[in-house]
Every structure is written in structure tokens, then in C-alpha cells.
Amino acid sequence: MASEMSPNDPASAALDPLHPVSEAEIERLVHTFYGRVRQDPLIGPIFNEKIADWDAHLEKLCAFWSSVVLRTGRYDGRPMRPHLMMPLQGAHFDRWLDLFEATAADVLSRPAADLFVDRARRIADSFEMGIATTRGQIKAPRHVRRGALPS
């Protein structure tokens with residue numbers, strides 16, 4: 001899922017190479033974000049029904065984001081599979097991103113938030129299109145075109 005950053009990738013210049021995102025920042029983002037997800041009236045019930053052990057799940061999510069952003073290789077799962085079993089629609093992806101973008105802006109520096117949001121939008125598009133495909137539908141990517149984070 002993690003794509004290699006290239007000089008042409010706007011997010012590749014987002015972080016100072018001397019001060020990359022830390023594992024502690026990833027943990028803070030993941031724990032804060034999923035705390036909000038669990039309380040959200042739209043997507044909270046879906047996640048809370050599927051996830052029995054939140055501590056283990058949060059650990060897995062930290063490894064996932066570490067692999068996506070820092071390219072650590074800590075995550076070796078298949079994230080699409082469990083999402084295929086969930087009753088997810090476009091509004092759920094939109095809400096997930098709204099919460100993610102707000103949380104990233106709240107807990108990370110602007111350059112780090114921009115990087116995470118870019119990756120989250122690509123992931124949301126990939127998941128939404130993958131789920132639609134299994135349902136015999138065609139979906140175009142729509143989240144990578146969302147506007148910039150508020151200043």
C-alpha cells in the first residue's frame with residue numbers, strides 16, 4: 001500500500017529529512033484518531049462491532065502507518081480483506097477522512113499532517129474502489145482531489 005515517495009510527489013518534500021515523523025507521533029495520531037472513530041455516531045458502530053480487542057488493533061494500526069509513512073515494514077497484513085466484510089459506503093469513507101484530517105491537523109505538525117492526509121486519501125480511494133469492485137460496481141478515485149487542509 002505504501003508507495004515510494006519521489007521528487008515529483010508533493011508529499012515527498014513535506015517533511016524535513018533531519019526530523020522525520022517519529023513512532024511516538026504515529027502512535028499519538030492513531031490512538032487519538034481511533035478514539036474519535038469509536039465515539040462517532042456514523043462510523044463508530046461499524047468499527048466497534050468488528051473490533052473485539054482495540055489494544056491489539058491499535059498496535060496493528062500503528063505498525064501499518066509506520067510502514068506507510070516511514071517505510072519500516074512493520075506491518076505485514078492484508079488490510080483490504082477485513083474491510084470487504086464491512087457494510088461501508090461512500091459516506092463512511094468521507095466521515096473517516098473528515099475525522100482523520102481533523103485529527104492529523106490537531107496532533108501533528110503541518111508538514112506531517114499533509115503527508116499523512118495524502119496517504120489516507122489514497123488509501124480511502126483504494127479501499128472504496130476495491131470494495132465497489134467486489135460488489136460489481138465501478139468507482140472513480142475521489143478523495144485525492146479533496147482540498148487542502150485548513151490553515
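Author: W96 is buried, with a relative accessible area of 12%, where buried means under 20% relative accessible area, exposed means over 50% and partly exposed lies in between, as found with a 1.4 Å probe on protein chains only. F100 also counts as buried, at 1% relative accessibility. This is a predicted model, in which local features need pLDDT of at least 70 and side-chain atom pairs count only at pLDDT 80 or more, while totals for chains, interfaces and linings use all residues. Residues are numbered from 1 along each chain as its sequence is written, and side-chain values use heavy atoms, with hydrogens and water left out.

W96 and F100 are four residues apart in helix α5 (residues 90–107), so about one helical turn separates them; helices here are DSSP runs of H or I with at least four residues, strands are runs of E with at least two, and both are numbered from the N terminus.

The structure holds ten aromatic pairs, a pair being two rings of Phe, Tyr or Trp (its six-membered ring) with centres within 6.5 Å, called stacked if the planes are under 30 degrees apart, edge-to-face if over 60 and tilted for the rest. The rings of F33 and Y34 have planes at 75° and centres 4.6 Å apart, which is why this pair is edge-to-face. W96 and F100, by contrast, form a stacked pair, with 15° between the planes and 5.4 Å from centre to centre. F33 and Y34 are both buried. One aromatic cluster takes in F33, Y34, F47, W54, F64, W65, Y75, W96, F100 and F116.

Two packed helices are described by the angle between their axes and the distance between the axes. Helix α1 (residues 23–39) packs with helix α3 (residues 54–70) at an angle of about 130°, their axes being 9 Å apart; axes are lines fitted to C-alpha atoms, for helices over the stretch in contact, and angles run from 0 to 180 degrees between N-to-C directions. That angle makes α1 oblique to α3, because angles under 35 degrees count as roughly parallel, over 145 as roughly antiparallel, 65 to 115 as roughly perpendicular and the rest as oblique. In this packing E23, I26, E27, V30, H31, Y34 and R38 of α1 meet W54, L58, L61, C62, W65, S66 and L70 of α3, contact meaning heavy atoms within 4.5 Å. By class, the contact of α1 with α3 has nine nonpolar, two polar and three charged residues, where Ala, Val, Leu, Ile, Met, Phe, Trp, Tyr, Cys and Pro count as nonpolar, Asp, Glu, Lys and Arg as charged, and the others, Gly among them, as polar.

Helix α3 also packs with helix α6 (residues 110–134), at an angle of about 110° and with the axes 11 Å apart, and α3 and α6 are therefore roughly perpendicular to each other. On the α3 side the contact is made by F64, W65, V68 and V69, and on the α6 side by L115, F116, R119, A120 and I123. By class, the contact of α3 with α6 has eight nonpolar, no polar and one charged residues.

Around this part, the secondary structure of the chain comes to six helices and zero strands, and buried residues make up 42% of the 151 residues in the chain.
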